[in-house]
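Dear colleague,

Please find the structure below, together with a short account of what was found in it.

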Amino acid sequence: MTESLLLSAPAGSSGTPGPAERVLPLRRPGRWVAAIVVLVLVSQASHGLITNPFYQWDRFAYWFLRPVVLEGLLITLQVTAYSAVLGLAGGVLLALGRLSDSVVLRSVSWTYIWLFRSVPLIVVLLFLYNFSALYPTLSVGVPFGPAFFTFDESRLATDVVVAVVGLSLCEAAYAAEIVRAGVLSVDQGQHEAAAALGLPRRYQFARIVFPQALRSIVPSYVNQLIGLLKATSLVFYVSLLDLFGSVQSLASTYPGDVVPLLLVATVWYVILTSLVSVVQFYVERYYARGALRTMPPTPLQQARAHLRYLRIRFRKETAQ
C-alpha cells in the first residue's frame with residue numbers, strides 16, 4: 001500500500017485542523033537509486049552482448065533455424081513429452097504405494113525412490129544403453145517357468161526408447177515425492193468427508209483428493225518438468241542427437257562456430273522453458289478457482305490495469 005503525506009492548513013482559532021490542501025506520495029529515494037543502478041548494469045550487459053564480435057550473431061542467425069537443429073529440437077520435445085507423462089504416471093503409482101497400508105507396497109516404493117534418487121541420471125542412461133550385454137533376450141511367461149514370448153532386446157531398445165525409459169525411471173522417483181506431498185497437503189477433513197460419502201477408495205482419490213492436491217502438485221512438478229527438459233541434453237551420451245547433441249555435433253564439425261551454436265541451444269532452451277512457465281501460470285490459475293476469492297490477474301490484465309492507471313494519473317496531472 002502506498003503511503004502518503006497529508007499537508008493540512010494551519011489550525012484555526014478553534015484548534016480544529018483546516019481542510020486538506022494536497023496529498024503527496026511519500027518520497028522513496030532508495031528505490032529510485034536501486035532502479036537506476038539496475039538499469040545501468042542491464043544496459044551495459046546488453047551493450048556488451050550485442051556489440052561483442054566474439055558472439056558472431058550473423059552465424060547465430062544462420063544456425064538458429066537450420067533443419068538439423070530443428071530435428072534435434074523435435075527429438076528433445078518428443079523425449080520430454082513421453083518422459084513427463086510416463087514419469088508422472090509412475091510417480092502417482094509410487095506415491096500411492098508409499099501411502100498404502102500394505103507393508104510390501106510401502107517398502108518397495110520407498111526402495112525404488114531411494115535408489116533412483118541416489119543414482120545419477122547419466123549412470124542410468126549408460127547402464128540401459130549397455131543393457132543388451134547383460135540380457136541379450138527378454139521373455140514373457142510364467143515366473144520361474146516356461147516362456148511364452150521371446151524377443152531380441154537390442155532391436156527393441158532403440159536410442160529413443162533408452163532415453164525415454166531412463167528419464168522416466170528417474171522422473172518417477174522425484175514425481176512420487178511431489179505427488180505424495182500434494183496428497184498430504186489436502187486437509188484431513190476432506191479425506192474423512194470423502195469416506196463418509198461411501199465412495200470407493202479409487203473414486204475418493206480421483207474425484208475429491210487428487211484434484212485438491214493438484215493445486216500443490218502443479219508448481220513443484222512444473223519445476224521438475226523444466227529440469228527434465230534440460231536433462232534431455234544427457235541423451236547425447238547414448239547416441240541420440242537431440243537439440244544439444246545436434247549442436248555439439250555441429251560444433252565439432254565447425255569449430256569456428258562453437259559460441260554461436262551454444263547460443264542457439266541456449267536460446268531454444270530459454271524459449272521452451274518460458275512456454276512451460278506460461279502454461280504453468282494458467283494451470284495454477286485454473287486449479288486455484290475453488291481456493292481464492294479473486295483470481296490472480298493474467299499478464300494481459302496486469303498490463304491493461306497499469307495502462308489505465310497511467311492514463312488516469314496523466315489526466316490528473318494535466319488538469320492541475
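**Aromatic pairs and overall make-up**

Phe281 is partly exposed at 25% relative accessibility, a class that lies between buried (under 20% relative accessible area) and exposed (over 50%), with a 1.4 Å probe and protein chains only. Tyr282 is also partly exposed, at 43%.

This is a predicted model, in which local features need pLDDT of at least 70 and side-chain atom pairs count only at pLDDT 80 or more, while totals for chains, interfaces and linings use all residues. Residues are numbered from 1 along each chain as its sequence is written, and side-chain values use heavy atoms, leaving out hydrogens and water.

Rings of Phe, Tyr and Trp (its six-membered ring) pair if their centres lie within 6.5 Å; planes under 30 degrees apart count as stacked, over 60 as edge-to-face and the rest as tilted. The count by this rule is 12 aromatic pairs. In one of them, the ring centres of Phe236 and Phe244 lie 6.1 Å apart with planes at 90°, so this pair is edge-to-face. Phe236 is partly exposed at 25%, and Phe244 is partly exposed at 22%. The pair of Phe281 and Tyr282 is edge-to-face because the centres are 5.2 Å apart and the planes stand at 85°. One aromatic cluster is formed by Tyr55, Trp57, Phe60, Phe64 and Trp268.

As for the chain as a whole, 28% of its 320 residues count as buried. The chain has 13 helices and four strands, taken as DSSP runs numbered from the N terminus (helices H or I, at least four residues; strands E, at least two).

Yours sincerely
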